[in-house]
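This report describes selected features of a single protein chain. The structure is shown below, and the text that follows is meant to be read beside it.

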Amino acid sequence: VAYRGDPRLSAMFGRMNILSDCGPIGMRAAPADLAYCAADLPHLLAANDAPATPPSIVLAPLPDRVEAIRARLAAAGPAPYIGLTWRAGIQQRDRLSKIVPQDAISTALRGIEATPIALQRMPAESEIDTLANDIGRPVADFTDLNDDLEDMLACVGLIDDYVCVSNTNVHLRAACGLPSGVLVPHPPEFRWMSTGEESPWFPNCPLYREDYRNGWAIAAEKLANDLKTALEAGSNG
């Protein structure tokens, strides 16, 4: 199996034992018997329902990156660590724009005994400071990890929880076998379905949906309760 895709992912995918040839888009591959777009595979394989959805691939972070990020997290504050991303997508195209007001996240995190880690790609000026003020504790800035997905893979594999909108890092964390709490704006994009508490592509990832009439209040309250429960369970374990 030969694969051509995003060059930022080539090295990660090359470490999987299911590919014999992996490289960036544009790199010539050996002649193939069949060639498909990866996004067409669910249709071609007749995967029309949740039980037919295959499990996530598994990506292994590089050990040296893990140790470097582990040290950086320790310097940022005590465990547990909660990653945060509140905006993703292409802002000029509504269907790909995913934005959650920062106050919805800060409301959920107030009173949570954890070190918040900002993983937002290209945050606006003062966004992290504003979030820290609203939460009532410092927010560590790890946003530079978006420039090197090997570092981000190591980070999302180490943090205790991840509160986010749909973005690249959700996929990386799922490939580490770990859940994320995904904030789903209304209307949702296809991978999060129109209803339900999880997606067939992201099992064990709880979804917190924006209510069409009431906004984020209900989702923020549920997220706060779930975070407290999860962190208490982790400390007891």
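Aspartate 144 is partly exposed, with a relative accessible area of 37%. In this report, buried means under 20% relative accessible area, exposed means over 50%, and partly exposed lies in between, with a 1.4 Å probe and protein chains only. The model is predicted: local features need pLDDT of at least 70 and side-chain atom pairs count only at pLDDT 80 or more, whereas totals for chains, interfaces and linings use all residues. Residues are numbered from 1 along each chain as its sequence is written, and side-chain values use heavy atoms, with hydrogens and water left out.

Aspartate 144 forms a salt bridge with arginine 72; the term denotes a side-chain nitrogen of Lys or Arg within 4 Å of a carboxyl oxygen of Asp or Glu. The two partners come from distant parts of the chain, 72 residues apart: aspartate 144 belongs to the loop between β7 (140-141) and α6, and arginine 72 to helix α3 (residues 63-76). Helices (H or I, at least four residues) and strands (E, at least two) are DSSP runs, numbered from the N terminus. Arginine 72 is likewise partly exposed, at 29% relative accessible area. Shared partners also join Arg65, Asp148 and Asp151 into one network of salt bridges.

By this rule, the count is twelve salt bridges.

| Aspartate 21 | Arginine 4 | 3.0 Å |

Glutamate 150 counts as buried, at 7% relative accessibility, whereas arginine 15 is partly exposed, at 34%.

Aspartate 21 and arginine 4 also form a salt bridge. This pair links strand β2 (residues 21-24), which holds aspartate 21, to strand β1 (residues 2-5), which holds arginine 4, across 17 residues. Aspartate 21 is partly exposed at 23% relative accessibility, and arginine 4 is partly exposed at 21%.

The buried residues of α1 are Leu9, Ser10, Met12 and Phe13. Their cover includes β1, β2, α6 and α7.

Helix α4 (residues 102-109) is mostly covered, with six of its eight residues buried. These are Gln102, Ala104, Ile105, Ser106, Ala108 and Leu109. Just after α4, glycine 111 takes a positive phi of about 85°.

Six strands form an open sheet with parallel pairing, in the order β7-β6-β3-β8-β9-β10. The edge strands are β7 and β10 (207-209); each has a single partner strand, so one side of each is left without a neighbour in the sheet. Two strands count as paired if DSSP finds at least two bridges between them. Strand β8 (residues 161-164) is joined to β9 by two bridges, and the two run parallel. Cysteine 164 stands opposite valine 182 in β9.

Which loop holds asparagine 167? Asparagine 167 lies in the loop between β8 and α7, and is buried at 12% relative accessible area. Its side chain reaches the backbone oxygen of valine 165 at 2.6 Å. Not counting residues up to four places away in sequence, asparagine 167 touches Thr85, Ala88 and Tyr162, where contact means heavy atoms within 4.5 Å.

Serine 180 occupies the loop between α7 (168-175) and β9 (181-184). Serine 180 counts as buried, at 1% relative accessibility. With residues up to four places away in sequence again left out, the contacts of serine 180 are Tyr162, Cys164, Val170, Arg173, Cys205 and Pro206.

Key
Polar contact = N/O pair within 3.5 Å; in protein donor to acceptor, adjacent residues only side chain to side chain.
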